[in-house]
Amino acid sequence: MPLAPTGPGTPSAYQGNPYDQTLYGLPGRAAPGPALYGTQAPPYGQGPYGPGAYPPGSYGYPAAPFYVPPAPSNGMGLAALVLGIVGTVLAPTVVLGAVLGVLAIVFGAVGRVKARKGEATNPGQALAGLILGGVGLVATVLMVIVYINIDVDDNDGPAPDDDPGATYGAYLSAPVLVVDRSASR
């Protein structure tokens, strides 16, 4: 029995355009590459052979969001560096030197931990703040020792009343040579 004129495999079975000029593939499909004159390019995001096998978010699951890494939090390392510098400079004031030195050490340690975890990108600033905070504390302790050991001489006050024409006035006492006349006779 012969096949019907519209059966499978006969040219009349395809309802394509008789003027379709595809280079390869099924009739009615455009060839990859630039669209030929009179044909339309595939939509954006779709290949020349239709959509991909598994589009994003297929089978009822939403597409995964893009991962955006968080911005580094470098505030602790920077604060440690600034407090360490200021604490070292203000070490002679004792109170500010001690307070800023301790804060610089704490912020520097926290900044180093954040840098080790990958949350910050400035481990050098945190280390410098940690070191300068320690230097500020050591300088403060040295200044306390210097202040305690300053010898306050009570003779460096104003000139005594019995010598109204003292050369040094109220700034320094004149050097005094004490001579014991009774011992020299």
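Helix 1 and helix 2 are roughly antiparallel to each other, a label for angles over 145 degrees. Keep in mind that this is a predicted model, where local features need pLDDT of at least 70, side-chain atom pairs count only at pLDDT 80 or more, and totals for chains, interfaces and linings use all residues. Residues are numbered from 1 along each chain as its sequence is written, and side-chain values use heavy atoms, with hydrogens and water left out.

Now the pair itself. Helix 1 covers residues 75–89 and helix 2 covers residues 95–117. Helices here are DSSP runs, H or I, of at least four residues, numbered from the N terminus. The packing angle is about 155°, and the axes are 8 Å apart. Axes are lines fitted to C-alpha atoms over the stretch in contact, with angles from 0 to 180 degrees between N-to-C directions.

Who touches whom? Helix 1 brings residues including Met76, Leu83 and Val86. Helix 2 brings residues including Leu100, Phe107 and Val110. Contact means heavy atoms within 4.5 Å. By class, there are 10 nonpolar, 6 polar and no charged residues. Gly counts as polar in that scheme, and Ala as nonpolar.

Next, helix 2. Gly97, Leu100, Gly101, Ala104, Gly108, Gly111 and Ala115 are buried, meaning under 20% relative accessible area with a 1.4 Å probe, protein chains only. What covers them? The cover includes helix 1 and helix 3, residues 123–149.

Last, the backbone. Valine 94 sits in the loop between helix 1 and helix 2. Its phi is positive, near 60°, in a residue other than glycine. Glycine 118 follows helix 2, with a positive phi near 90°.

Methods
Helices (H or I, at least four residues) and strands (E, at least two) are DSSP runs, numbered from the N terminus. Angles under 35 degrees count as roughly parallel, over 145 as roughly antiparallel, 65 to 115 as roughly perpendicular and the rest as oblique. Buried means under 20% relative accessible area, exposed over 50%, partly exposed in between (1.4 Å probe, protein chains only).
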